[in-house]
Each structure stands twice: as C-alpha cells, then as structure tokens.
Amino acid sequence: MTELTVGITPIANAANLYIAIDQGYFDDEGLVVTPSVIQTAATAIPSLLNDELQLALMTSVPVITAASKGLPVVVASGNDRYPVDGVGDTTALIAAPDSGVSSVEDLADKTVAVVGLKSAPELALRVVLEEAGVDPADVEIVEIAYPDMVSALQSDRVDAAFVVDPFLSEAEAAGLVPISQPFTEGLGGMTALTWVAGEQFANANPETITKFTTAIQRAAEYANENPEAVRAVLPTFTSLSPEAIENSVIPLYDSSLSEADVENYVELMEREGFIEAGYDPSDLLWKTDGD
Amino acid sequence: MNARAARIALPALVPIALIAIWWFASAGSTSFYFPPLETILRRFRELWLFALVPEHVVPSLQAILAGLGISVVLGIALGVVIGLSDYVATAVGPVLQFLRYLPAVALLPLAIQLIGIGQDMRITIIVLGALWPILLNTIDGVRGTPPAFVDVARSNRVRTVDWIFRIVLPNAGPQIFAGIRASLAVSVILMFASELLGASRGIGYFILQAQRQFSIPEMWSGMLLLGIIGYALNLILMVIEHHVLAWHRKSRT
C-alpha cells in the first residue's frame, strides 16, 4: 500500500475524494489516502514542494500563477467544472438594494469586494465586467474575507461583493440582491479545482499519480450519478449545517482536463494581468508517458 | 583613524559588510525562495523608485504618522493630567499596565467589525498600541519632577500653565521621547499587521500579496523597504529629539 497525504479545502467540491475513500476506490488501487485541510494555494504549494503533501486540490488560477513564476508543479487531473447553468451556481455578486447598483453595468467607478485579489473570483469578476462593457480598471476591487462581506455591504464600504454559500444565503436573508453569477457567466464550463502535485514527486511516482487519478475519476462519475452520496459525506468534513447541505447544489465533478482548458486560463490571466505574457503552459499538464 | 571618523565609519561598515556578504552569497542562487540580491535590488528599483510609492507607501506612512501623532498628543496630554495627581496616577496605574500589555493586534478583528477596513481602522489600531509607551513614560516623567522644583514653584506662585510647560514637561522630556521611540516601533508593527487584514493598499498588503502570488523577489523588496522606512523614521525622530532636547544636554554639560 502507498500512503498519500492530500490537501483539500473543506467545501463540497472535495466530496469526491471522500467518496473515493468510502467506496474503496483508493483501496482498489493500493493507495491509503489521508485528507489534510489546507488554507490557501500559497501555503499548499510549498507543502507540495517539500513533500508534506503529495497532491492538493486548488483552483487553476494560483497553480498557473505559481508555474508561470517557475515553481515546479504539475496538474495531475481535473476535479470539477464551473457551472454552465446559474441554478447550479452557489456563488453570486451581490449589492445592497439602495446602493444604486442593480446590474454589472452599474459597477463602473464602484468598489467591489472579492475574497482574494488575483484569484479565481477576481478573474471571473473581471470577465463579467468586460462582457458588460465596464473596464475593470475603472472598478476598485478590494479584498475582504467572506464573513466580513455582508457587513461591508451594509455599511456602504463596498458597493458589491462576490460571495459564496453559506454567506450568500446569509446575504440574501439580509436583503442584499444578487446581480450576477460571475463563475457561471464568466468562467462557465471551465475547469474549477484541479489536483496538483510537485513535479519531482510526479516524475518519481508516475504509477501512484495514475492510480490516484483513476480512483478520483471513478469517484467523480459516482458522485455525479449519486448526489445523495455527496450529501452523505458533506457532514463528515465540512461545517455546513444540515439545512445548508439539504439545499446545497452539488458541483459538477469532472476529472478530465485538456491542454485547451489550461490555455483558456493562461489567455484570460495574461489578458487581465495576472501573469506576464509569454508563459508556455505545455509542461503544466502531467502526462503519464512523461513527455 | 581619529575618534570622530571612527564614529561615522563604524556604524556604516557593518551594514556594508552584511550587504556584501548577502550579495556574494546569493549571487547565482537558483533557490526559488532566496533569489540573488541583485534581482531583489533590481525589483526594488523598479517598484519602489517610485512606481508604487503613491499606491502602497503613502497610505502606510499616513497611517503611521496619523496614528503616532494622535498618540503623542493624547499620550502627553493625558500623561500630564494623570501624572500631576498622585491619587489619579495610583488609581489608574494597574488599568494602564493592563491595557499596555494587551496586544493591539488582538483588537484587530474587533476593530474591523466596529470601524471597518479603511484607513480609520488602521489609525485606530496604531493609536491603541502606540499610546501606552508615551502615556506611561509621560506619567513617570511628570511624577519625577524634583520635589525641590515643586517647592520653589509653590513659594513663587508660578502659574499652572508655566509650571507645566516650563518645568514639568521639559523635565520629563527625555523620558517622553524614549516613550515616543518605543511607540514608533509599535506603530510600524501595527501598520504592517493591520494591512494584512482587509487592506488592498499598503506595504503590508503588498508583501502578503507578493507571497500569495509567488513573487518572491518582490516580497523581499517589500521587506527591505519596510526596514528602510522604519530606520528612516527612527532617524528623523532622533533629529527632532536632538533639537527639542538641546537645552537638556546643555544643562548637563
């Protein structure tokens, strides 16, 4: 048996990992997988490089940022995709009803809060701003933690905020109105979270990576077919309330990942100034045959 | 080498030697986290001379100067009021000591909830930390007025205003300045800490963001800048102190 410690954020997107553990998909591959909670990609990537973690689940934006700066990381597999239908999106851009902001067009010269600058939410926000004809340079994008967003909106410190559930439900209960769903409208269908490994570990252990991605692939299929199985594992690793789990929208698990997926991100990230132009992502996707 | 030249050369020699060691030890470094000093200095020049100064340095300096300024005025005023009365000083002593050792950073989450994430919050946090050294030193200094002065002043019926401004404060001056210097160090720390939460400007925010973006040379350049700013502020304070306390040195020689 090979032991792996993998980094995850305790959100529904990681449920397929727990399903793979519960269904014995890792056992079938001869793997013993221990999940470990990570805070941000910025702390998880150093853990991958010093082998504290062998794989970690993170969004494509920080991975591409890190790789473009020369950090030796590879993406072993996809995990899920941004929803193509707003019904399946548990995130939204919200505004206070009396703020004068009722659509993305109104955001020029306004202040918008996101959870982290130069992150996937900011990328999605910038895409919807541009699609609405607003120059992102005219919008002040500030960083606020999710728990502080509702109070920041209520006290007019920001005009809009990009929140996720359960804070979205809290915001709607407080009378704040969704004006856009940037993940669906901006990044819909694009790969969301990905499984990342250190290049050195992946090159030294290609069979382990293949076994892991095989089990994750099986779990993704099982999770998509059995949403109740996802709800069943959520209480074991998230702090979501039973009501929130009952109402939660199950992510679209998809472990496929193509070069086109990566290139889409690189293109957007270059355009929005997240990374410098000229980064070649051809080595980012880990390939079994090692070329 | 005469004594004067040595006094000027020696303090410069050690930093120059350290920088030289850093330069040569890191030259050609391929470590991601410890880039060559040459790279760091190049990024430093590109970022801080003076492209990002309005965006990140100005807000940080504003917060420090406003926070420290308020602390100086408040600390000296309260310190004189408290220090002039033995009863008041004894009564509030334990409370002040308690507040002094309550780390102001611990109040950050509360301050964000109450005041929000703007410049007001940062200045408030700086005042909450920087006030105590000045206040406590002022109280001590005021209470340390030699009893002989008190007697002379009483027998000559000196006006309270003259008493405070011509005798008590000048006498407490060196101690007050020692407090201000301690407060300056606290201000720099709190400025940095407050910018790690809910900021989108400032040197602290810049360093955090550089770390998150894996922009390691940029992160080092920010740390270098922070050190230079702290050093420069201390130097300015020493010059002010030198002039304000000029009488004090004369009275001793």
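Trainee: Which residues does Pro121(A) touch, not counting residues up to four places away in sequence?
Mentor: Pro121(A) touches Val115(A), Tyr146(A), Phe162(A) and Phe183(A). Contact here means heavy atoms within 4.5 Å. This is a predicted model, where local features need pLDDT of at least 70, side-chain atom pairs count only at pLDDT 80 or more, and totals for chains, interfaces and linings use all residues. Residues are numbered from 1 along each chain as its sequence is written, chains are lettered from A and ligands numbered from 1 in the order in which they are written, and side-chain values use heavy atoms, with hydrogens and water left out.

Trainee: How far apart are Pro121(A) and Phe162(A), in sequence and in space?
Mentor: They are 41 residues apart in sequence, and 7.2 Å apart in space from C-alpha to C-alpha.

Trainee: Where does Pro121(A) lie, and is Pro121(A) buried or exposed?
Mentor: Pro121(A) lies in helix H5 of chain A, residues 120–131. Helices (H or I, at least four residues) and strands (E, at least two) are DSSP runs, numbered from the N terminus. Pro121(A) counts as buried because its relative accessibility is 9%. Buried means under 20% relative accessible area, exposed over 50%, and partly exposed in between, with a 1.4 Å probe and protein chains only.

Trainee: What about Glu272(A), buried or exposed?
Mentor: Glu272(A) is at 7% relative accessibility, so it counts as buried. Glu272(A) sits in the segment after helix H13 (259–271) of chain A. Leaving aside neighbours within four places in sequence, its contacts are Leu123(A), Arg126(A), Glu130(A) and Pro136(A).

Trainee: How many helices and strands does chain B have?
Mentor: Chain B has 11 helices and zero strands. Its C-alpha atoms fill a box of roughly 75 × 60 × 30 Å along the principal axes. Of its 253 residues, 40% count as buried.

Trainee: Which residues touch the most other members of the largest nonpolar core?
Mentor: Ile94(A), Ile144(A) and Trp48(B), in a core of 67 residues. Such a core is a set of buried Ala, Val, Leu, Ile, Met, Phe, Trp, Tyr and Cys residues joined through side-chain atoms within 4.5 Å. Helix H8 (residues 160–195) of chain B gives the most to this core, with 13 residues.

Trainee: Last topic, the contact between the chains. How many residues does each chain give?
Mentor: Chain B gives 18 residues and chain A gives 22 residues. The area buried between them is about 1,600 Å², with 52% from carbon and sulfur atoms. Buried area is the accessible area (1.4 Å probe) that two parts lose on being put together, summed over both. Ile117(B), Gln213(B) and Phe214(B) supply 36% of the area that chain B buries against chain A, more than any other three residues.
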